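Please have the sequence and the 3D view open while reading.

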Amino acid sequence: MIAEKRISLARIEKINADSIDDSLKAGAYNGLKKALTMNPEEMIEKFEKSGLRGRGGAGFPTGLKQKFTRSSCLDCEKYIICNADEGEPGTFKDRVIMERDPHMLIEGMIIAAYVIGASRGFIYIRGEYQRSIEVLQKAIEDSNKNGFLGENVLGSGFNFNLELRLGAGSYLCGEELTLLESLEGKRGYPRIKPPFPAQKGLWESPTLINNVETFSHLPAILNEGLDWYTSLGTEESKGTKIFTITGRVQKPGFYEMEMGCTLRELLFDIAGGMKDGYEFKGALLGGAAGTFVDESFLDIPLAYETLKARGATLGSGAILVLDQETDMPSLLHNLMDFFKHESCGKCVPCRVGTTMLTEMAAKLKNEPELIHKMTKEAHYMAETSLCPLGQSPILPLKSYREYYS
Amino acid sequence: MKYEAGLQKDRAEKKSLIIEHLHSLQDANPKQFLSEDDLKKCAKEFNLTMAEVYGIASYYSMFSLKPRGKYIIRLCKSSVCHMMGAENMASKIESLCKTKFGNTSANDLFTLEYAECLGQCEKAPAMMINKNVHGSLNPESLEKIIENLKKENA
Ligand SMILES: Cc1cc2nc3c(=O)[nH]c(=O)nc-3n(C[C@H](O)[C@H](O)[C@H](O)COP(=O)(O)O)c2cc1C
Ligand code: SF4
Ligand code: FES
């Protein structure tokens, strides 16, 4: 039977998150020690070869992003930012890493900073994550005291300062360009791409932005080596992924699995199956900006390429399990209402479109054929909206139309 | 020229602390909101116009521009909590706190707000009361939590 495979969460059962000594005994900062003896370019090559892709939702190759940011200028100031805004409904994996093993994240960030040549970093964390904020504050302090952060990291001559910055309740601020605006102390209005953060990010300097879970893979890749890492997962989806599984299942929660496990394995072998009296009907993969799937997906490997081939996404790894009692039109209405609430209103297609979609979704139960009009409207939005939020409603809508209408 | 660029950079870097500053002003305000006075203080601290500060404060959902009660109840209404019965919890909370969502109870004890996903979905339906998380809510647990708060303040 299949079991969990933990990289990001490898230490959580063994340590007290508030104790750096615990973490050190369990191997924290060994990856950093290795990194400091290596050549940054070689390391980037290693991260490229590892096949690691961003765990924040878009799945962009991590090593490539490091390479772009490093090569965008040689001697100028560069920054590194951890996206800890975690706002995608159904997602709470980053919180688990931050609350239970903050040094895994910090170590990953120091390695990435060394690799791209950044001397300052920020963790942009959502304001609601009180416990994570407290744990991280203490961990940053302890890491400074132990010489892993600050001037002359472990005597290597490399300087790196890390600070926390709080959000204040906005899903859109998790989008990387909007995050930059918010971090600069402005309203969370998106920036136009390009330029990408790797060229012009924080305060117009090259900036590397990665998700919490992405950073937390870097130490293990250095410690355990490429062969080990690339032996995990599928052809195009290497390593592990934390899935957060919710709905009427026996054991809702977070599970770190080798990429390519199936929904059937995850749901029935790991999460204990459905609650008594409930039958599996399908799932919403990846949160609000995700896709609906039906029973035919139970045996499809959970990996970027296999899901993409069937028009679905892995997204942040959120899996909301649907059962025979789930009121589907009401759930879809809830998702549309979410987008309406989080739309910043800067551009017309999204501001008007999300309102229209919410109104139509409210009538969907009695007028099921409205789904076609909604999908059309969402297509139009996807083509004309300024930022990815306005391009998102099409994802759940199209897949809903395919499987649930 | 060089020192001017430096000054501008310092100013820009300082501005990245504005959300932190607004959080701390709001936390220090006994009515848990950003008063006109708070906004003025912030404008002065960061050398910004009131309009700019207002623009920032009004954008973020954790900031309130009207006075709130001692306990701010933020009930998650996003997809997982919605599916797991958040709406029933909402009406139970309204009847226990004797006020409606979007409002503060007459005794200034409870302010009811909706929130989007709080990242506590394995314990859906979930809510926060000030900085504490409460999950796996049901009518009984809600009653216990809220009645306790009432008792503490009787
Ligand atoms: C509306 C919206 C919200 C997002 N929220 C988050 C988030 O909360 N956390 C996150 O890591 N990425 C989020 N992203 C993705 C980021 O824009 C970005 O792709 C990610 O931080 C890159 O990191 P990665 O390459 O390590 O995944 C969001 C994207 C959009 C469009
Ligand atoms: S697409 Fe929506 S969220 Fe993005 S800029 Fe336009 S209105 Fe704002
Ligand atoms: S959906 Fe309610 S806490 Fe995530």
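Which residues line the second largest cavity? They are A:Pro89, A:Gly90, A:Thr246, A:Leu284, A:Gly287, A:Ala318, A:Ile319, A:Leu320, B:Ser79 and B:Val80.

## Basis of the values

This is a predicted model, in which local features need pLDDT of at least 70 and side-chain atom pairs count only at pLDDT 80 or more, while totals for chains, interfaces and linings use all residues. Residues are numbered from 1 along each chain as its sequence is written, chains are lettered from A and ligands numbered from 1 in the order in which they are written, and side-chain values use heavy atoms, with hydrogens and water left out.

## The cavities

A search of the whole structure gives 2 cavities of 30 Å³ or more. A cavity is a set of points, on a 1 Å grid over the protein atoms alone, where a 1.4 Å probe fits but cannot get out; lining residues have an atom within 4 Å of a point. Points are joined across faces, edges and corners, and the volume is the space filled by probe spheres set on them.

The largest cavity has a volume of about 90 Å³. Of its 14 lining residues, A:Pro190, A:Cys344, A:Cys347, A:Cys350 and A:Cys387 lie nearest the centre. The lining has 8 nonpolar, 4 polar and 2 charged residues. Here Ala, Val, Leu, Ile, Met, Phe, Trp, Tyr, Cys and Pro count as nonpolar, Asp, Glu, Lys and Arg as charged, and the others, Gly among them, as polar.

The second largest cavity has a volume of about 50 Å³. Its lining has 6 nonpolar, 4 polar and no charged residues. Helices (H or I, at least four residues) and strands (E, at least two) are DSSP runs, numbered from the N terminus.

## The nonpolar cores

A nonpolar core is a set of buried Ala, Val, Leu, Ile, Met, Phe, Trp, Tyr and Cys residues joined through side-chain atoms within 4.5 Å. Buried means under 20% relative accessible area (1.4 Å probe, protein chains only). The largest core has 161 residues, and A:Ile123, A:Ile125, A:Phe292, A:Ile319, A:Leu332 and B:Leu22 touch the most other members. Helix α6 (residues 102-116) of chain A gives the most to this core, 10 residues. A second, separate core of 19 residues includes B:Tyr71, B:Ala90, B:Phe110 and B:Ile146.

Conventions
1 Å grid on protein atoms, 1.4 Å probe; cavity = no way out; pocket = protein on both sides within 12 Å on 5 of 7 lines; lining within 4 Å. Buried < 20%, exposed > 50% of the residue type's maximum accessible area, 1.4 Å probe, protein only.
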